[in-house]
Amino acid sequence: MPGSGHRVWRCGRFTLPLGRVHVMGILNVTPDSFSDGGSHLGVDAALEGARRLRAEGAGIIDIGGESTRPGSEPVSVEEELERVVPVVRALVMELDVPVSVDTRRAEVAAESVAAGASIINDVSGFRDPAMVEVAATTDAGLVVMHMLGEPKTMQREPHYDDVVAEVCAYLAEQARMLERAGVAPERIALDPGLGFGKTTAHNLELLRGLETLVALGYPVLIGASRKRFIGEVTGVDVPAERVQGSVAVASWSALLGADVVRVHDVAPTREALAMIAAIAEDGEVSR
Ligand code: HH2
């Protein structure tokens with residue numbers, strides 16, 4: 001796979017070597033994922049989900065307490081804190097794996113890091129100065145994602161003159177801004193935000209042009225798993241059945257130099273990546 005050399009992604013107490021692809025397993029603690037029940041039931045169900053992801057070989061677990069699907073309404077900070085922080089705390093106690101928190105809220109990010117999370121995954125790309133402050137005052141790894149507008153409105157006729165150039169320019173500028181705020185560059189990973197204010201054609205163009213993003217020199221994360229554009233290409237309507245299309249995108253991304261893939265279906269993704277690694281003869285077949 002193209003050149004990550006001996007670079008690393010620093011995420012709190014974890015230093016992730018680049019040059020092999022890390023699988024980030026998705027653990028959504030939103031009510032639509034784990035139906036009704038109080039917060040205790042939420043923690044138990046989340047722990048069980050995390051154990052399963054880990055057993056399948058996830059190297060990072062990403063916890064999200066707010067749905068960012070197109071058209072979704074934001075939840076209150078209090079509710080997000082209640083959903084996410086106890087799960088972070090429980091997971092960090094039980095599993096020796098970097099825990100990532102998928103949030104746009106500075107309070108949620110700060111409390112999650114205090115509870116042991118190692119990565120802040122911000123789908124709004126650290127636009128909020130309070131988020132930048134949290135980034136600068138912790139040592140967590142950061143995922144800086146590109147999103148056009150807000151989840152509620154982002155799919156209303158998104159337009160770009162050159163989607164690859166615009167997304168890369170935005171991410172490079174956000175990375176520079178974080179570095180100016182005092183964040184070490186080895187902590188920063190970039191994500192083009194597939195499906196976040198992008199048509200199917202935009203998503204495909206971003207994947208085709210992935211090397212331009214990789215060339216910026218930061219670790220690159222790709223989150224395509226089960227997304228609508230995969231359904232549009234493959235004709236598979238049910239998100240949970242979009243496994244093959246999702247694995248294809250993860251494989252393509254790995255070949256073009258992505259460092260992390262964020263997925264629901266960890267086991268099949270790992271199998272595909274192991275096969276690619278074996279063919280590439282980099283000696284890391286057991287990833
Ligand atoms: N996609 C989703 C959520 N978080 N984070 C990053 N860095 N990159 C992504 O592509 C990304 C993300 C949306 O997917 P999902 O978790 O399946 O849905 P929801 O946000 O509704 O929980």
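Is Gln 174 buried or exposed? Let us start there and then visit other parts of this predicted model, one close-up at a time.

View 1. Gln 174 is found in helix α5, which covers residues 163-180. The answer to the opening question is that Gln 174 is buried, because its relative accessible area is 10%, and a residue counts as buried under 20%. Phe 126 itself belongs to the loop between β6 (119-122) and α4 (129-137). With a relative accessibility of 1%, Phe 126 counts as buried too.

**View 2. Two residues with positive phi, Phe 126 and Glu 157.** Stay with Phe 126 for a moment and look at its backbone. Its phi is positive, about 55 degrees, although Phe 126 is not a glycine. Glu 157 also has a positive phi, near 50 degrees, and is likewise a residue other than glycine. You will find Glu 157 in the loop between β7 and α5. How do the two compare in exposure? Phe 126 is buried at 1% relative accessibility, whereas Glu 157 counts as exposed at 75%.

View 3. The space that the ligand takes is the largest pocket.

View 4. Which side chains place a polar atom by the ligand? Asp 102 is one of them, with a polar side-chain atom 2.8 Å from a nitrogen atom of the ligand. Lys 227 has a polar side-chain atom 2.7 Å from an oxygen atom of the ligand. For His 264, an N or O atom in the side chain is 3.1 Å from an oxygen atom of the ligand. Taken alone, the ligand exposes 480 Å², and the protein buries 96% of that area.

View 5. His 22 is buried, with a relative accessible area of 5%. Along the chain, His 22 and Arg 262 are 240 residues apart, while their C-alpha atoms are separated by 8.6 Å.

View 6. Ala 46 sits in helix α1, residues 39-56, and is buried with a relative accessible area of 0%. Ala 46 and Val 84 are 38 residues apart along the chain, and 9.7 Å separates their C-alpha atoms. Pro 219 has its place in the loop between α7 (210-214) and β9 (221-222). Pro 219 is buried as well, with a relative accessible area of 3%. From Pro 219 to Val 84 there are 135 residues in sequence and 25 Å in space, C-alpha to C-alpha.

Methods. Residues numbered from 1 in each chain as written. Predicted model: local features only at pLDDT ≥ 70, side-chain atom pairs only at ≥ 80, totals over all residues. Heavy atoms only, no water. Polar contact = N/O pair within 3.5 Å; in protein donor to acceptor, adjacent residues only side chain to side chain. Areas by Shrake-Rupley, 256 points an atom, 1.4 Å probe, with all protein chains shown as cover. 1 Å grid on protein atoms, 1.4 Å probe; cavity = no way out; pocket = protein on both sides within 12 Å on 5 of 7 lines; lining within 4 Å. Sits in = over half its atoms within 2 Å of the grid points. Helix = DSSP H or I, 4+ residues; strand = E, 2+ residues; numbered from the N terminus. Buried < 20%, exposed > 50% of the residue type's maximum accessible area, 1.4 Å probe, protein only.
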